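Let's walk through this structure together, one element at a time. Please keep the sequence and the 3D view open as you read.

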Amino acid sequence: MESRPPRRREEEATIRLAAVPESVSAFESFADGLAFLSPRERARLKLAGDEILDNIIRHSSPLERRRIAVRAARRGGRPHLLFFFRSSPGTAFADFAQGFPGSAPLFDPARRRWRGMGLLMCRNLSQALSVRHGSMMDRIILAFIGED
Amino acid sequence: MTQLEISVHTEHHRLVLDVIGPINSYTFTDFQEKIYKAIAQSDTAVVMEHVTALSSAGIGVLMTAIEDAEASGHGFAIVNPSEIARLAMESTGFGDRFPIVQSLKQI
C-alpha cells in the first residue's frame, strides 16, 4: 500500500465559530491571516466564505452543538475551504442546500436591494462547491484555483 | 478591521463617500442608508480603495444605487476599488455594469 506524505500542517488552519452574526468578522480576520495563501487566493476564500457562513447562520440555526468549524487548507496545490456543522432537524438547511449552485438574482422591493447573488458569487469564485447533508455532520466544501 | 467607517464630503458639487472596512451582511445597512440618501440628492462617488470585504448584500446595494442614479438623472461612480472589492464585483458575472473609475479626476 502506497503511503501518502504527511500533510504540511502549516498549510492548514481551523477556526471554531458560534452561529452568531459577529462570527462573520471573526471569519474575515481568520481569512486575512492565512499566510500559506496568496493575496488573491485569500480574497477569493474570504468572499466565498463570508457568503457560506452567513447562509449557515441564517438558514441552519439553531445548530446542534451551536458551533461551526471552518478549515482552510491547501490540498493538491489548490486552496480549500471546509465548513463542518450540524443543522437541527427541520431547519431550512435542506432548502439552502438545494439552492446550490445558485438561483437567479432578483430585486427585493421590501429591502430595496438586489438579492440572490451570494451563491452565484460562490460558484464563480470557486472551482468546485459541494454540500453534503449527513446524519452526524453537514459539510460544505469549496475548492479554489491555486496560484502557487 | 471589523467596523465599517463611512465619511461623506462634498467635492466639485458631488457627494463623495469614503468607505473603510468590510461591507458584509452585518455592516451593509449603514452603507445602504448613506449611499441611497446621497444619490437622491446629487451626483455621487463612492471611494472603495480601503474596502476589506464586499459581500453579496453590499453588491446588491451597489446595483440598486446604479439604478437609482439612472432614474434620478444623477451621476454615480465607484472610485479605485480595492482588489477584493473588484473581485467581488467581477464574481457576479456582470462586472462591466459597475461604473468604476481610477480616481475622482476621471469623473
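Predicted model: local features only at pLDDT ≥ 70, side-chain atom pairs only at ≥ 80, totals over all residues.

Which residues of α1(A) are buried? They are A:Ser23, A:Val24, A:Phe27, A:Glu28 and A:Ala31. These residues lie on the same side of α1(A), because they cover an arc of only 145° around the axis.

Next, turn to the sheet. In chain A, five strands form an open sheet in the order β1-β2-β3-β7-β6, and their pairing is antiparallel. Strands β1 (12-18) and β6 (128-133) of chain A each have a single partner strand and stand at the edges, so one side of each is left without a neighbour in the sheet. From one strand to the next, the twist averages 15°. Helix α1 (residues 23-32) of chain A packs on this sheet, where it touches β1 and β2 of chain A. The direction of α1(A) makes about 170° with that of β1(A).

Within the sheet, you can follow one pairing in detail. Strand β2 (residues 67-75) and strand β3 (residues 78-85) of chain A run antiparallel and are joined by seven bridges. For A:Arg75, the bridge partner in β3(A) is A:Arg78.

Is A:Ala18 buried, exposed or partly exposed? With 14 other C-beta atoms within 10 Å, A:Ala18 is partly exposed, as a residue counts as buried at 20 or more and as exposed at 12 or fewer. Leaving aside residues up to four places away in sequence, A:Ala18 touches A:Ser23, A:Arg66 and A:Arg67. A:Ala18 and A:Ile68 are 50 residues apart in sequence, yet their C-alpha atoms are 6.2 Å apart in space.

Finally, look at where the two chains meet. The contact takes 21 residues from chain A and 21 residues from chain B. On the chain A side, α1, α2 (39-59), β5 (113-115) and α4 (118-125) each supply at least two of the residues that touch chain B. The most come from α2(A), which gives seven residues. Sorted by class, this side of chain A has nine nonpolar, three polar and nine charged residues.

Note on methods
Residues numbered from 1 in each chain as written. Chains lettered and ligands numbered in written order. Pairing = 2+ DSSP bridges. Helix = DSSP H or I, 4+ residues; strand = E, 2+ residues; numbered from the N terminus. Axes fitted to C-alpha atoms, helices over the stretch in contact; angles between N-to-C directions. Contact = placed C-beta atoms within 7 Å. Nonpolar A, V, L, I, M, F, W, Y, C, P; charged D, E, K, R; others polar. Arc of directions from axis to C-beta.
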